[in-house]
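Work through the exercises below with the sequence and the 3D view at hand. Each task is followed by a solution in steps.

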Amino acid sequence: PPSPSDFFRSWLVLQTTMEATRRMMQQYLQDLPPEGGYPEVRYRPKPTVRGPSGAMIWGLSVLAVCGGFYRVGQTNIARRAEKEEKREARFAIAPLLQAEEDLRYVQARRNGEVSSNVYKSEGIWFPPTV
């Protein structure tokens, strides 16, 4: 069991520690506002610039999509015209090419390079294929 002297010693240490803590606390004062308070700070908030509105973004998007579709349509029209021109040119020279091929065939047949029974096989006629 603890003796009374041990109890006294621990009590004395506690008292000494508390006294030292009180002295330390007296040295430091808490910083408080002045008696009348601080003066009012006047400021004006800056207006926040948040960018374009939602309606403007939608409008620009619709405008961009419509412009893109217009460009695609114009390109399709131009391509269609080029294809038509190319097709008409082919149709225009087709008779000339056919005449050249017929002339070559007639000359080859006269020279004996092509037999008259080219498309016949055992009595069955097969049309020419491309």
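**Surface and model**

The accessible surface of the protein is about 13400 Å², and 61% of that area belongs to carbon and sulfur atoms. Accessible areas come from the Shrake-Rupley method with a 1.4 Å probe, and for residues only the protein chains shown count as cover. The model is predicted: local features need pLDDT of at least 70, side-chain atom pairs count only at pLDDT 80 or more, and totals for chains, interfaces and linings use all residues. Residues are numbered from 1 along each chain as its sequence is written, and side-chain values use heavy atoms, with hydrogens and water left out.

**Exercise 1. State which element has the lowest mean pLDDT and which the highest.**

Step 1. pLDDT is the predictor's confidence in each residue, from 0 to 100. The protein averages 85, and 83% of the residues score at least 70.

Step 2. Read along the sequence, the elements follow the pattern α-α-β-β. Helices (H or I, at least four residues) and strands (E, at least two) are DSSP runs, numbered from the N terminus.

Step 3. Where pLDDT is low, the predicted coordinates should not be read in detail.

**Exercise 2. Compare the span of helix α2 with the expected one, then locate its kink.**

Step 1. Helix α2 covers residues 54-110, which is 57 residues. The expected span is 1.5 Å times one less than the number of residues.

Step 2. From first C-alpha to last, α2 reaches 82 Å, close to the expected 84 Å.

Step 3. A kink of about 40° lies at Ile93, shortly before Pro95. The bend at a residue is the angle between axes fitted to the seven residues ending there and the seven starting there.

Step 4. After α2 comes Gly112, with a positive phi near 85°.

**Exercise 3. Find the salt bridges and describe their partners.**

Step 1. A salt bridge is a side-chain nitrogen of Lys or Arg within 4 Å of a carboxyl oxygen of Asp or Glu. This rule gives 2 salt bridges.

Step 2. Glu84 pairs with Arg87, their closest N and O atoms being 2.5 Å apart. The two are 3 residues apart in helix α2, so about one helical turn separates them.

Step 3. Arg104 and Glu101 form a salt bridge at 2.6 Å, N to O. They too lie 3 residues apart in α2, about one helical turn.

Step 4. Buried means under 20% relative accessible area, exposed over 50%, and partly exposed in between (1.4 Å probe, protein chains only). Glu84 is partly exposed at 33%, as is Arg87 at 39%. Arg104 is partly exposed at 46%, and Glu101 at 37%.

**Exercise 4. Which residues make the nonpolar surface patch of about 470 Å²?**

Step 1. Patches are made of residues with over 30% relative accessible area and no salt bridge: like charges are joined within 9 Å, nonpolar side chains (Val, Leu, Ile, Met, Phe, Trp, Tyr) within 5 Å.

Step 2. The patch is made by Phe7, Phe8, Trp11 and Leu12. Trp11 belongs to helix α1 (residues 4-27) and is partly exposed at 42% relative accessibility.
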